[in-house]
Amino acid sequence: TDEIMQQEIRPLVAVDIIEQLHRQFAILSGGRGKDGAPIITFPEFAGFSEIPDDDFLNVVTYLTSIPSLEAASIGFIIIIDRRRDKWSAVKASLTRIAGAFPGNLQLVFVLRPSRFIQRAIADIGIKLYRDDFKMKVPIIMLNSVSDLHGYIDKSQLTRELGGTLEYGHSQWIHHRTAIENFAMTVKSTAQMLQSFGTDLAETELPNDVQCTEELLSSHTDHHSKLKDELKLAVKQGATLLTCIREPVTRSANSKLSPDELENVATVERLLAQLDETEKAFDQFWTKHHLKLEQCLQLRHFEHDFREVKLTLDNLMETQAGFADIGDSVTRVENLLKEQKHLEEKGQEPLEKAQSLALHGEQLIQNNHYAVDSIRPKCVELRRICDDFTNETKKKYDILGKSLELHKQLDKASQWCEAGIYLLASQAVDKCQSQEGAETALVEIEKFLVTAKEHQLSNPKEFYNQFDMILTPEIKANAQRIVQKLEDVQEMFDKRQVSLKKLAAKQTRPVQPVAPHPESSPKRASPKITRPAA
């Protein structure tokens, strides 16, 4: 019992009883009574009594389910045409209808047998057996269709009953099956859309680019197929609507029967339902498609981020390995070249990182759902770029200071060597004369003028300027050269004193004598043991 209760209760449709409907023992012509009551006609049918009870009940139940609830609530009018039959057929029809009619009855018209004897029997029989029919509604016996026209307007009766209502049973069945098929199409389409929507809502977003692309492609294909189904369903409904309205379109004098008008309303309602379903589906799809596209954007962003960050981390690691500041001008210049090469090598990754960070910020501005994941990565990319740029500038500053220092040390050393060479090149015998001594003094004075260009700063300024790069080795080298400068300067001082004495002696009017050995110029030795200042 529970299983039966849980099954969907599906109403009868034309296709279920198509054979019984084609037998035409009962029809719903579309006519209405004066108060709008639907009319069901039982035409003359030779084998009426032989119709199985299930077939009869199914057809009558189906016919009473077609009019609107509003029309059905008024009550049905039944017309039983037995003009060519016998009283027994009238009795059998009334008995069957009374016992199995599922709708609300308002009135029963009986076109009694036209033959005199059968009509007389019918008049007697209806009086004798009225109570047996168990009908609580009037049963009106009519002699002809003219009598029927007194109760029902001719425009609501078919030609068989002397009316003007156009009715074709085959076309009626065709319209009913088409409407019901369209209704099933609308229902199945809505169910497909709902099922697809449920699948979309329950879909977990993939974690990589390829799976996301495949999912997006799969969902888009499915969506396109469903949209095609919707278009076909709308076309089906529009075609059906045209078919139902065809009599009015063909002739301006034609009017649709109330049942046909209800058919039009039914199809229009189904089309409206289809339109609402499509709009709701499109709205849901737009959101889902956007989320899938944003997911794909995120996966691309994450993939690019991992690649760029790995490259930048390797650059930073390489840069961190550049700790050498050089111990000579040549070495520092080579280090600067290497640093320049690293900077050029990092240019493309840095541009990619900046571009990726900009792309991430654009995703955030476009209201991406993964803002909390994207923003930290943008910050990280910019931080690494800034770190590399700042560290590169720092390296250049240090190497620049190192180059300047070594150039100063080299110039000072070269000046010392040049000074020693000058002193050594002054011949002793030439300096014995006044002219020779004065010439040597002039040479020394000219050379000492260049001392300011080549000598190092005073110790305090020197350490302030190069403190960041003064390694123990560089300090030792600088102190050695400072000591050498002082030694050379002392050598020049002694040479100047000696030469000035020689020049002064030559000016006295006395007999020249040979210079004392201590006063003659001696070759200066670069090795001075006096401590540096």
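Reader: Below which relative accessible area does a residue count as buried?
Author: Burial is judged from the relative accessible area, computed with a 1.4 Å probe and with protein chains only. A residue is exposed over 50% and partly exposed in between, whereas buried means under 20%.

Reader: Is His406 of this predicted model buried or exposed?
Author: His406 belongs to helix H13, which spans residues 371-425. Its relative accessible area is 4%, and the cut-off for burial is under 20%. His406 is therefore buried.

Reader: Which residues does His406 touch, not counting residues up to four places away in sequence?
Author: His406 is a residue of helix H13 and has a relative accessible area of 4%. With residues up to four places away in sequence not counted, His406 touches Gly326, Asp327, Ser328, Val329, Val332 and Ile474.

Reader: What separates the C-alpha atoms of Cys378 and Leu358?
Author: Cys378 is also placed in helix H13, and at 4% relative accessibility it counts as buried. Leaving aside neighbours within four places in sequence, Cys378 is in contact with Phe301, Ala357, Gly360 and Glu361. Cys378 and Leu358 are 20 residues apart along the chain, and the separation of their C-alpha atoms is 7.7 Å.

Reader: Does Lys227 count as buried or exposed?
Author: Lys227 lies in helix H9, residues 209-244. Apart from neighbours within four places in sequence, its contacts are Glu278, Phe281 and Asp282. The relative accessibility of Lys227 is 18%. Because burial requires a value under 20%, Lys227 counts as buried.

Reader: How are helices H3 and H5 oriented to each other, roughly parallel or roughly perpendicular?
Author: Two packed helices are described by the angle between their axes and the distance between the axes. Helix H3 covers residues 53-65 and helix H5 residues 87-100; their axes are 11 Å apart and the packing angle is about 65°. Angles of 65 to 115 degrees count as roughly perpendicular. H3 and H5 are therefore roughly perpendicular.

Reader: How many nonpolar, polar and charged residues does the contact of H3 with H5 have?
Author: The crossing of H3 and H5 is right-handed. H3 contributes Asp53, Phe56 and Leu57 to the contact, and H5 contributes Arg96, Ile97 and Ala100. By class, the contact has 4 nonpolar, no polar and 2 charged residues.

Reader: What is the phi of Gln24?
Author: Most residues other than glycine have a negative phi. Gln24 is found in the loop between helix H2 (18-23) and strand E1 (39-42), and at 31% relative accessibility it counts as partly exposed. Although Gln24 is not a glycine, its phi is positive, at about 60°.

Reader: Does Asn367 count as buried or exposed?
Author: Asn367 is a residue other than glycine with a positive phi, near 60°. Its place is in the loop between helix H12 (329-365) and H13. The relative accessibility of Asn367 is 66%, and the threshold for exposure is over 50%. Asn367 therefore counts as exposed.

Reader: What share of the residues in the protein is buried?
Author: The secondary structure of the protein comprises 17 helices and 4 strands. The protein exposes about 31000 Å², and carbon and sulfur atoms supply 52% of that area. Among the 533 residues, the buried share is 41%.

Reader: What percentage of the contacts with a separation of 6 or more joins residues 24 or more positions apart?
Author: The contacts considered here are those in the protein with a separation of 6 or more. Residues 24 or more positions apart account for 79%.

How values were computed:
Residues are numbered from 1 along each chain as its sequence is written. This is a predicted model: local features need pLDDT of at least 70, side-chain atom pairs count only at pLDDT 80 or more; totals for chains, interfaces and linings use all residues. Side-chain values use heavy atoms; hydrogens and water are left out. Helices (H or I, at least four residues) and strands (E, at least two) are DSSP runs, numbered from the N terminus. Contact means heavy atoms within 4.5 Å. Accessible areas come from the Shrake-Rupley method with a 1.4 Å probe; for residues, only the protein chains shown count as cover. Axes are lines fitted to C-alpha atoms, for helices over the stretch in contact, and angles run from 0 to 180 degrees between N-to-C directions. Angles under 35 degrees count as roughly parallel, over 145 as roughly antiparallel, 65 to 115 as roughly perpendicular and the rest as oblique. A crossing is left-handed if the near helix is turned anticlockwise from the far one by less than a right angle, and right-handed if clockwise. Ala, Val, Leu, Ile, Met, Phe, Trp, Tyr, Cys and Pro count as nonpolar, Asp, Glu, Lys and Arg as charged, and the others, Gly among them, as polar.
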